[in-house]
Amino acid sequence: MPDFSIYHTKDQVFEEVENLVKANGQIMKLDTLTISDEDSDPPYRSSMKVVTVEPGGHTRDHDKKMRLLLNYGEHGRELITVEVALRLLQILADPSAELERGDRPGGPGKARLKSLLHNTVFKIVPMENEKGRDLVEAGNLCERKNGRGVDTNRNWEVHWGHKEKDYDPNEEYPGTKPFSEPEAGALLALAGKFKPHVWMNAHSGMEALFMPYDHLPHIPSGDIAQATLQVLEKLNNVSCGGRCALGSGGKSVGYLAHGTATDYMYERLMVPLSFTWEIYGDNDAHFNDCFRMFNPVTHDAFDKVVTNWADAIFALLELLPSHPAIPRIHTASHRGGRKVDAGSARSGKGPSAGEKPGEEPLQDRQLGAAVQGWQSRMTDAARLRAQVFDAPGGRKGLIGGVCVALVAIVGFVVFARGGGRAAAAKRAARRKREEAAL
Ligand SMILES: [Zn+2]
């Protein structure tokens with residue numbers, strides 16, 4: 001079982017969330033959504049807590065602010081992500097230490113960080129998959145799906161239901177149709193209304209900073225995607241010690257994922273910065289030790305991961321104003337507190353270039369659709385080839401090579417043990433899980 005002297009139980013998480021919101025009502029609001037599928041037999045019911053945080057104080061419309069939708073705990077077994085959400089809420093409730101850190105050499109400056117916060121609204125889902133978490137706390141430490149066996153990160157409509165050759169329903173059953181699951185439906189409704197500039201979906205299983213596409217082996221083309229990649233490159237240095245795999249989830253993980261939230265947010269809701277962050281993985285964990293595969297097991301490692309990835313949101317905040325899809329916001333310069341237009345840091349863009357972020361990625365979107373058409377015409381063999389071998393040089397190429405090598409080693413071990421085909425498939429699935437938990 002998880003060490004609950006380090007980790008919070010689900011009940012403790014929500015108790016802490018409620019206490020934080022209660023004590024900070026001027027900047028925090030808690031919505032508890034009742035979500036269900038009443039048509040199923042028996043009905044499937046869960047709930048979803050959404051914390052809205054406006055460090056500058058509540059406002060009625062959020063049009064003039066940077067909007068971040070942050071999702072944690074999508075896969076039940078990835079407990080560590082929920083702990084990051086909790087830490088982030090604690091910091092937002094009292095950001096004084098974080099602001100002081102902004103004044104260190106190379107930091108953004110206290111005044112600027114404060115100003116960025118005042119121009120931001122967060123919607124934070126600390127634990128998307130409450131029913132799946134129940135199963136984990138009941139002892140099923142390998143469970144990633146929701147309370148009725150669906151991987152909600154395969155239940156979204158972009159390229160939904162497409163199955164790879166090594167598809168394993170125990171890991172990634174996508175549901176009976178797109179948005180069959182109330183968890184995905186609730187997030188869709190939330191994002192549709194909130195219109196975030198940033199979607200960040202936190203997972204564990206490896207260290208990676210992913211952007212679209214998950215279902216294609218490359219990132220979208222265009223300036224927006226390039227700027228987003230640059231944001232991730234900087235975050236990799238600041239928040240991941242340069243260790244994170246970077247770029248398209250579909251390329252860097254070593255397998256394509258279909259029907260993911262991140263692809264949908266980008267493709268359909270036109271969220272310009274759409275991310276999956278993989279915040280922790282233990283490659284040395286035994287494949288039966290799911291808890292250790294996805295979660296740090298010592299106090300020190302736990303604290304390091306939680307602090308680091310809560311801080312990463314502030315590092316992201318600093319990088320946002322220079323992204324071409326972020327609207328112009330006014331922040332105080334850290335040199336003397338003069339009011340400067342952070343958006344004007346962008347060069348070569350008219351004043352309205354960033355005003356309607358939803359319309360910016362149109363070029364990317366059209367290209368995405370074209371590529372999707374191309375993708376569906378590819379033969380399975382070609383797609384597999386692209387998936388395994390079409391990796392760029394450097395680190396990503398290395399990761400691809402390591403993946404291939406690992407699969408080969410696992411295959412050999414199974415072969416040597418005479419485990420048979422079924423066992424080989426099982427091993428491959430476990431290995432896959434070990435490498436990524438997207
Ligand atoms: Zn995951």
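I count two strands as paired if DSSP finds at least two bridges between them. The model I am reading is predicted.

**Strand β4**

I looked up the partners of β4 first. Strand β3 (residues 66–71) pairs with β4 in the parallel sense, and six bridges hold that pairing. As one instance I noted L70, whose bridge partner in β4 is I124. On strand β2 (residues 44–53) I found three bridges to β4, and here the two strands run antiparallel. V53 has F122 of β4 as its bridge partner.

Next I asked how many residues of β4 are buried. Six of the six residues in β4 (residues 120–125) are buried, so the strand is largely enclosed by the rest of the structure. I then sorted the side chains by direction. T120, F122 and I124 point one way, while V121, K123 and V125 point the other way. Both sets are buried, K123 included.

**Nonpolar cores**

I went on to the largest nonpolar core, which has 92 residues. Which members touch the most others? They are V84, I124 and L209. I124 is also the β4 residue bridged to L70.

For V84 I listed the contacts, leaving aside neighbours within four places in sequence. They are Y72, A202, I279, V306, W309 and A310. I also noted a second, separate core of five residues, with V253, L256, A257 and L438 among them.

**Helix α7**

I checked the length of helix α7 (residues 182–194). Its 13 residues reach 18 Å from the first C-alpha to the last, close to the 18 Å expected at 1.5 Å a residue. The buried residues in α7 are P182, E183, A184, A186, L187, L188 and A191. Where does their cover come from? It includes the strands β1 (28–37), β2, β3 and β5 (198–203), along with helix α10 (261–267).

**E278**

Last, I looked up the annotation. An unreviewed UniProt entry places the feature "active site" at E278. I located E278 in strand β8 (residues 273–280). Is E278 buried or exposed? The cut-off for buried is 20 or more other C-beta atoms within 10 Å. E278 has 28 within that distance, so I recorded E278 as buried.

Definitions and conventions. Residues are numbered from 1 along each chain as its sequence is written. This is a predicted model: local features need pLDDT of at least 70, side-chain atom pairs count only at pLDDT 80 or more; totals for chains, interfaces and linings use all residues. A nonpolar core is a set of buried Ala, Val, Leu, Ile, Met, Phe, Trp, Tyr and Cys residues joined through C-beta atoms within 7 Å. A residue is buried if 20 or more other C-beta atoms lie within 10 Å of its own, exposed if 12 or fewer, and partly exposed in between; C-beta atoms are placed from the backbone. Two residues are in contact if their C-beta atoms, placed from the backbone, lie within 7 Å. Helices (H or I, at least four residues) and strands (E, at least two) are DSSP runs, numbered from the N terminus. The expected span of a helix is 1.5 Å times one less than its number of residues. UniProt positions are given in the numbering used here, feature names are shortened, and annotations may be inferred rather than shown by experiment.
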